[in-house]
Amino acid sequence: MNAALNPVASPHVMNTYGRLPIAMSHGRGCRLWDTNGKEYLDALGGIAVNTLGHGHPKLVPALQDQVAKLIHSSNYYHVTNQEVLAQMLVERSGMTNVFFCSTGLEANEAALKLARKYGHDKGIERPEIVVYEKAFHGRSIATLSATGNPKVQAGFGPLVEGFIRVPLNDVEALKKATAGNPNVVAVFFETIQGEGGINPMRAQYLKDVRALCDANDWLLMIDEVQCGMGRTGKWFAHQWAGIVPDVMPLAKGLGSGVPIGAVVAGPKAANIFQPGNHGTTFGGNPLAMRAGVETIRIMEEDGLLENAARVGEHLRAALAKGLEGKPGVKEIRGQGLMIGIELTKPCGALTQRAADAGLLLSVTADSVIRLVPPLILTTAEADEVAGILLPLIHAFLAE
């Protein structure tokens, strides 16, 4: 059948995703409609990307204005909004400067290069970077090597060397793994692991790692690609612990759907890259920069950090109440509008069942239901999410 006549068949597209048989047509706020006219409540937000939901009345005209003016010019020239957005990020992070790219993978790749160059500049010939079990940093060969998931690494060896892997929230394990090793240059992790199953780093652990990095002159590199940009109720999830990293990759929610990535650097990392060390064709283009500037502006105007914290807490409470004492429910965790519900058995089937019931979500790490809706979600919509999801979980666990 012609794909144009059947929007849920893509025979000429490489088969890299286990897709649901749905194609989206349009969206408004936290709602999406497929090509058959079926309505969905969006609790996935394009996987933590659509910060402002769909068709935001302030964002759309700004992007239309930018598209009509200039989409791309190249980094041979200054791009005015690069400086505007960089200043916004520096002010909100307490850091120094920014490199712009197009994706979270590129931001993480740049962070790994920064760490290696930092080591080489100190005379370390084979720099090593501490990474974590269950981590996910991307699918390029380097970021895949930093990732802590054997399943996504399988078939792509040999992986890149130079990584030391440790468990989460165990500072003694970190000290033991690095003891007497002069080649360690950085510690790299997500404040709240996304693909790994919504696993948060504890606040005290974050403080301990910051202190350890300071004591050893290592870079503290925090991947805020999924948990950053207001999702937890602060601009960046590590800010709950009152620390500042040396390197912070961002992407996903920064452009509300327009592809954008960034690496924010503190004083220790701000001048490692010099002209010729790193670059990008699409990164920092005028359209993406306008999307980033407008996203932050609208988030502040509309109080979306406070909303993420408040509505997230409301949703968590509703889920906790509905699942209290339920056999088969292991844990509800996360912060703000980044919530994981871990079950005791694989629950991938719930992705399709939820969509059938008009709710979009994902299952990650096999048994964790992931909710990362737009930050504009209301308490009424949160109640609706719980109202659809709870019966599905109860029915699934009863099987």
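Let me start with helix α3, which gives six residues to the lining of the second largest pocket, the most of any element; helices here are DSSP runs of H or I with at least four residues, strands are runs of E with at least two, and both are numbered from the N terminus. Before I go on, please keep in mind that this is a predicted model, in which local features need pLDDT of at least 70 and side-chain atom pairs count only at pLDDT 80 or more, while totals for chains, interfaces and linings use all residues. Residues are numbered from 1 along each chain as its sequence is written, and side-chain values use heavy atoms, with hydrogens and water left out.

Back to the pocket, whose volume is about 870 Å³, a volume being the space filled by probe spheres set on grid points that are joined across faces, edges and corners. A pocket, on a 1 Å grid over the protein atoms alone, is an open set of points with protein on both sides within 12 Å along at least five of seven lines, and its lining residues have an atom within 4 Å of a point. The second largest pocket is lined by 30 residues, and Gln82, Val98, Phe99, Phe100 and His278 lie nearest its centre. The elements that give two or more residues to this lining are α3 (80-93), β4 (97-101) and β12 (261-265).

Ile141 belongs to helix α5 (residues 141-146).

Now the backbone, where most residues other than glycine have a negative phi, and most peptide bonds are trans. Against that background, the peptide bond from Gly157 to Pro158 is cis, with omega near 0 degrees, and Pro158 sits in the loop between α6 (150-153) and β6 (163-166).

Ile198 is buried, with a relative accessible area of 0%, where buried means under 20% with a 1.4 Å probe and protein chains only.

Methods:
1 Å grid on protein atoms, 1.4 Å probe; cavity = no way out; pocket = protein on both sides within 12 Å on 5 of 7 lines; lining within 4 Å. Buried < 20%, exposed > 50% of the residue type's maximum accessible area, 1.4 Å probe, protein only.
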